[in-house]
Amino acid sequence: MAAKTLFKVVFINQGKIYEIFARKVHQEMLYGFICVEDLVFGTRSDLVLDPSEERLKDEFNEVRRSLIPMHAVIRIDEVTREATPRIVPAEGNVTAFPGPVYTPGGDAKK
């Protein structure tokens, strides 16, 4: 049986670093956003509950797809195995990319 593609998406949201897993990741037609679909949450053990994973499940409950601003994305990896999705505090020198990446009609010489 062919393995299903799995992506780990790491991004900044409200001063925290989110690590989530999804089956589909692509650039959205709305410029500047990454579309994340088919989120995957661990089902390996229902006996041990990770509070961070439970918070993510609650936050993304009933979400079919999520649009993440491109400048908030830290990293997207195609992975072979799912790990525990989590939310961690942003420590050190981690910040979102400042300002708009592209300004329509802007002149770089000004």
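User: Which residues have the most contacts inside the largest nonpolar core?

Analyst: This is a predicted model. Its largest nonpolar core has 13 residues. Those with the most contacts inside this core are Phe11, Ile20, Val36, Leu56 and Phe60.

User: Which strand gives the most to this core?

Analyst: Strand E1 (6-13), E2 and E3 each supply at least two residues of the core. The strand that gives the most, with three residues, is E2.

User: Why are the buried residues of helix H1 on the same side?

Analyst: Helix H1 spans residues 51-59, and Ser52, Glu53 and Leu56 are buried in it. They lie on the same side of H1 because the arc they cover around the axis is only 100°.

User: Which strands do the buried residues of H1 pack against?

Analyst: The other side of H1 holds the exposed residues Pro51 and Asp58. The buried residues of the helix pack against strand E2 (16-27) and strand E6 (86-89).

User: Which residues is Val36 in contact with, leaving aside its neighbours within four places in sequence?

Analyst: Val36 is one of the residues with the most contacts inside the largest nonpolar core. Beyond those sequence neighbours, Val36 is in contact with Val9, Ile20, Ala22, Lys24, Arg65, Ser66 and Ile68.

User: How far away from Glu37 is the nearest side chain of opposite charge?

Analyst: Glu37 is found in strand E3, residues 33-40. Leaving aside neighbours within four places in sequence, its contacts include Lys24, Arg64 and Arg65. Glu37 is buried but has no salt bridge, and a salt bridge needs a side-chain nitrogen of Lys or Arg within 4 Å of a carboxyl oxygen. The nearest side chain of opposite charge is Lys24, at 5.1 Å.

Note on methods: Residues are numbered from 1 along each chain as its sequence is written. This is a predicted model: local features need pLDDT of at least 70, side-chain atom pairs count only at pLDDT 80 or more; totals for chains, interfaces and linings use all residues. Side-chain values use heavy atoms; hydrogens and water are left out. Helices (H or I, at least four residues) and strands (E, at least two) are DSSP runs, numbered from the N terminus. Buried means under 20% relative accessible area, exposed over 50%, partly exposed in between (1.4 Å probe, protein chains only). Lys and Arg count as positive and Asp and Glu as negative; His and the chain ends are not counted. Contact means heavy atoms within 4.5 Å. The arc is that of the directions from the helix axis to the C-beta atoms. A nonpolar core is a set of buried Ala, Val, Leu, Ile, Met, Phe, Trp, Tyr and Cys residues joined through side-chain atoms within 4.5 Å.
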